[in-house]
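Please keep the sequence and the model in view while reading.

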Amino acid sequence: MLPTTNSNGALASRDAARHTAGAKRYKYLRRLLHFRQMDFEFALWQMLYLFTSPQRVYRNFQYRKQTKDQWARDDPAFLVLLSIWLCVSTIGFGLVLEMGVVETLKLLLWVVFVDCIGVGLLISTIMWVVTNRYLLKQPSRNFDVEWGYAFDVHLNAFYPLLVILHFLQLFFINHLVMISSDWFLGYFVGNTLWLIAIGYYLYITFLGYNALPFLKNTVVLLYPFALLGLLYILSISLGWNFTRGLCSFYKYRVMQDRLASEIGH
C-alpha cells in the first residue's frame, strides 16, 4: 500500500521514519542474512531481461515506487547472484591465465572489492551527485535520485559487462588463440567484445535515469558513445589489444609479490 499522508500532504510520522534512507538501508542489509526471504527467481528474470529487454527491468522499478515508495531494490537477491557470477567468472580467469590458488584468491578479492564494489560506489556517488545537481526538472526534497537507485543502475549495467568480458572472453583467450595474439582477427574480436560490453553499460545506465520522470536532459548520458566509437576505431587501426592489457594487468596485480621475490633471488 502507498504511504499514508496527513492533511498537509506530508508523510505521517511513523511512515516517514519507515521510509528514511537509513531505514531502507537497514532493511536491505538485514535481508542479506535471510536467504529464504530473497526472490532469486525474480532476480534471474531481471538478469535475463537486462540482455533482451532492459526497459522491462526499469518498468518494474517504477512499479516498486508506486507500491513501496522507493525506487531502489529492497531485495538483495540480485546482488547475491551477481556476486556468485563474479566469483565463478574470476576463478575461470585464474584458470585460463594459469594462476595458482593463492593468486586466484587474490584476484577474486581484487575484482570483488575493488573493481565491482569500490568502483561501483564511486560511479554511483558521482552519478547521484550529478543527476541531483544538474538533471532535476524541479529541485526538491520530494523529487531526488536515491543513492540506492544509482547503485542499482550501476549493478544493472555492470552485469552484462561482466558476462561479456569475464565469461564470453574466456572461450577466446587461449583455446582459439585469437584475443591474446597480435593477429588482426585477435584484437578485432577482443576489442569488439569490449565495445559491446561498454556500450551495454552506457545504454542500460541511460535507461535507468531516463526512467525517472523528474529528470531532464538524460540524453547527455549517451554522449560517451561518440568517444567509445572513436576509441574503438583507433584501437583497431593501431593494433591495441584491450584484452591482453586486461590479462597483463590482472597478472601484475596478483603476481607482483612473486615477481619481486624472483628478482630478489
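Which residues make a nonpolar surface patch of about 830 Å²? The patch is made by Leu105, Leu109, Trp110, Phe113, Val114, Ile117, Leu121, Trp128, Val129 and Trp147. The model is a predicted one, in which local features need pLDDT of at least 70 and side-chain atom pairs count only at pLDDT 80 or more, while totals for chains, interfaces and linings use all residues. Residues are numbered from 1 along each chain as its sequence is written, and side-chain values use heavy atoms, with hydrogens and water left out.

**The nonpolar patch**

- Patches consist of residues with over 30% relative accessible area and no salt bridge, where like charges are joined within 9 Å and nonpolar side chains (Val, Leu, Ile, Met, Phe, Trp, Tyr) within 5 Å.
- Helix α6 (residues 101-134) contributes the most to the nonpolar patch, with nine residues; helices are DSSP runs of H or I with at least four residues, numbered from the N terminus.
- Leu105, one of the patch residues, is located in helix α6.
- Leu105 counts as partly exposed at 49% relative accessibility, a class that lies between buried (under 20% relative accessible area) and exposed (over 50%), with a 1.4 Å probe and protein chains only.

- Four salt bridges are present in the structure, each defined as a side-chain nitrogen of Lys or Arg within 4 Å of a carboxyl oxygen of Asp or Glu.
- Asp74 and Arg64 form a salt bridge through their side chains, at 3.9 Å from N to O.
- Because Asp74 lies in the loop between α4 (54-68) and α5 (77-96) and Arg64 in helix α4, this pair ties together parts that are 10 residues apart in sequence.
- Asp74 is buried at 9% relative accessibility, and Arg64 is buried at 9%.
- A network of salt bridges links Arg64, Lys68 and Asp74.
- Lys65 and Asp69 also meet in a salt bridge, at 3.3 Å from N to O.
- Lys65 is partly exposed, with a relative accessible area of 26%, whereas Asp69 is buried at 17% relative accessibility.

- Asp152 pairs with Arg73 in a salt bridge whose closest N and O atoms are 3.4 Å apart.
- Asp152 lies in helix α7 (residues 147-168) and Arg73 in the loop between α4 and α5, so the pair ties together parts that are 79 residues apart in sequence.
- Asp152 is buried at 3% relative accessibility, and Arg73 is buried at 6%.

Definitions and conventions
Helix = DSSP H or I, 4+ residues; strand = E, 2+ residues; numbered from the N terminus. Areas by Shrake-Rupley, 256 points an atom, 1.4 Å probe, with all protein chains shown as cover.
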